[in-house]
Amino acid sequence: MDIESSTNQSPHVHQESTNQDPLMKPKGGWRAIKYIIANESFEKLASMSLIGNLSVYLTTKYNLGGVFLVNIINIWSGSCNFLSIPGAIVSDAYLGRFWTLLLGSIASFLGMGIIALTAALPHLRPQACNDPTNCSNPPERWQLAVLFAGLGLLAIGAGGIRPCNIAFGADQFDTSTKKGKSHLETFFNWWYFSFTVALVIALTGVVYIQTNISWVIGFVIPTACLALSVTTFLIGHHTYILAKPMGSVFTDMVKVVAAACKKRKVGSGEGVTFYLGPSNDGSSTTLVQNRQRLRFVDKAAVVADPNELNEEGEAKNNWRLCSVEQVKNLKCVTEVLPVWVTGIACFMLTDQQNIYGILQAIQMEKTFGHNFQVPAGWMNLVSMITLAVWISVYECVILPIARQITGRKQRLTMKQRIQIGIVMGIACMLVAGFLEKARREAALKKGTFVSPVSIVMLLPQFMLAGLTEAFSAVALMEFLTVKMPEHMRAVAGAIFFLSSSIASYICTLLINVIDSVTRKEGRSWLGNKDLNKNRLEYYFFIICGVQVVNLLYFRFFASRFVTEKNKG
């Protein structure tokens, strides 16, 4: 089906500001943005303070380890990303972005408060183990229930915040004007700047306080930040432009599939009539089209019976008759799925570095100088710094030099960047595997829980993980954004986070299968709390094999779906 529709589904969010009292200050713009950026900065500082050090906290304070620890972190991380989808649906179809953001921020505040309580009240945690190699003080079920309640509220909060924060900021500008578009670009720059600053503070200062000074203080700080986040957001309420919920694209896609299934027996031929939906002036139109064979989802927009339309020419039942625009939205999503699958495999690697890489750091020599202890959670910062440095060098050094040599603005294509990222991932897992083997052998030879191998030896694998993200993840996000029409840019972000969520769940399944199979053979590769008694390097080599398969899949199949906007 090849129908051009003039239907515009973008909400008129600035209509409200035009009807205001002329004596009142106009809503939106930079007057509102300062509160939104402050809310986002405090929230990110709080959330990254926990994400960056959760593995260390659960290992040292809850005596967790092995498969159970990794399951908790993988499932929680996957849920934070997955809940972005229902969060986007609730925001777009029911509550609007303001209320979704507010309720999400409150849920995160309550969740972080519970985590802070677990650090402050000793009876909410098991007794500490003097010997980490042989710990017999597991947490009670009710203690885990309190912990899971806090993590659950944080996941719900993330589901409300992640799909709405950038979109709510974009609502404050009139992007139909050149000035509004310019202000929007500036907002994005300031948003990413504030995000980076919050990230650096969280992964350096707050993580150091948690690890080396006090977990109580280290969790009270992000709890206070979330309280400031909610307070700041509410203070700025009178300045916001509030877009009314206009319906969710995700709900529309489900309706298209349902309508297509109900009309699966409808065939192509002369006189097939398609429902275009309401036009810009409020009227409804239909269009006869008989040039090509109907695809399955096209049938959702076929007017099979005139009774499907009411007197105004609108669909009586949206679950039986959908507009051409709704069908096109679904097609946009299905067209990116082959490349999106590649992203899942890439995120499998980065997710495991954030968990097992930190567990490796815990059991490595971390002392520098006389008594300075490097927090294990700082290793996550290495990947992010590597990503930032590469992007800066690429944009500010490599591209200008290449432009001087070739005389053209030549950039690496999305295909090239995704493939380079996958190759970096393969190298990362190989390095991680061989390093883990050397770390474990050194610890066993010395007979200690902490290996004499320095934490500095982890730098190469974390740097390679950062480069994997810099090439593959950034290119994937760009691909999704470019392939989606402007009114579906939020969908691009949601399915990007969904790929990370699925990667976490797949890793959880894979780890449990490996543990179950190897445990039956007499020695689990991943089941012991002490990495020195596991064979973690074998798991890294398996992930390496997944990346090799992913490279072949992308090279010979998925790359055909990547189209460059500008070549040369």
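Q: Which residues form one aromatic cluster?
A: In this predicted model, the cluster is formed by Phe98, Trp99, Phe168, Phe233 and Tyr240.

Q: What makes the aromatic pair of phenylalanine 98 and phenylalanine 168 tilted?
A: The structure holds 26 aromatic pairs. In the pair of phenylalanine 98 and phenylalanine 168, the planes are 45 degrees apart and the centres 6.4 Å apart. Stacked requires under 30 degrees and edge-to-face over 60, so the pair counts as tilted.

Q: Why does this pair tie together separate parts of the sequence?
A: Phenylalanine 98 belongs to helix α6 (residues 97-120) and phenylalanine 168 to helix α8 (residues 165-170), so the pair joins parts 70 residues apart in sequence. Both phenylalanine 98 and phenylalanine 168 are buried.

Q: Why is the pair of tyrosine 356 and phenylalanine 540 called edge-to-face?
A: The angle between the planes is 90 degrees, with 6.5 Å centre to centre. The cut-off for edge-to-face is over 60 degrees, so the term applies. Tyrosine 356 lies in helix α12 (residues 324-362) and phenylalanine 540 in helix α17 (residues 536-556), 184 residues apart.

Q: Why is tyrosine 356 called buried?
A: Its relative accessibility is 2%, and buried means under 20%, so tyrosine 356 qualifies. Phenylalanine 540 has a relative accessible area of 0%, so phenylalanine 540 is buried as well.

Q: What makes arginine 162 count as lying over the face of phenylalanine 497?
A: Arginine 162 is 5.9 Å from the ring centre, and the distance cut-off is within 6 Å.

Q: How many disulfides are found in the whole structure?
A: The search finds zero. Cysteine 80 is buried, with a relative accessible area of 4%.

Methods: Residues numbered from 1 in each chain as written. Predicted model: local features only at pLDDT ≥ 70, side-chain atom pairs only at ≥ 80, totals over all residues. Heavy atoms only, no water. Disulfide = S-S within 2.5 Å. Buried < 20%, exposed > 50% of the residue type's maximum accessible area, 1.4 Å probe, protein only. Phe/Tyr/Trp six-rings, centres within 6.5 Å; stacked < 30°, edge-to-face > 60°. Helix = DSSP H or I, 4+ residues; strand = E, 2+ residues; numbered from the N terminus. Lys NZ or Arg CZ within 6 Å of the ring centre and 35° of its normal.
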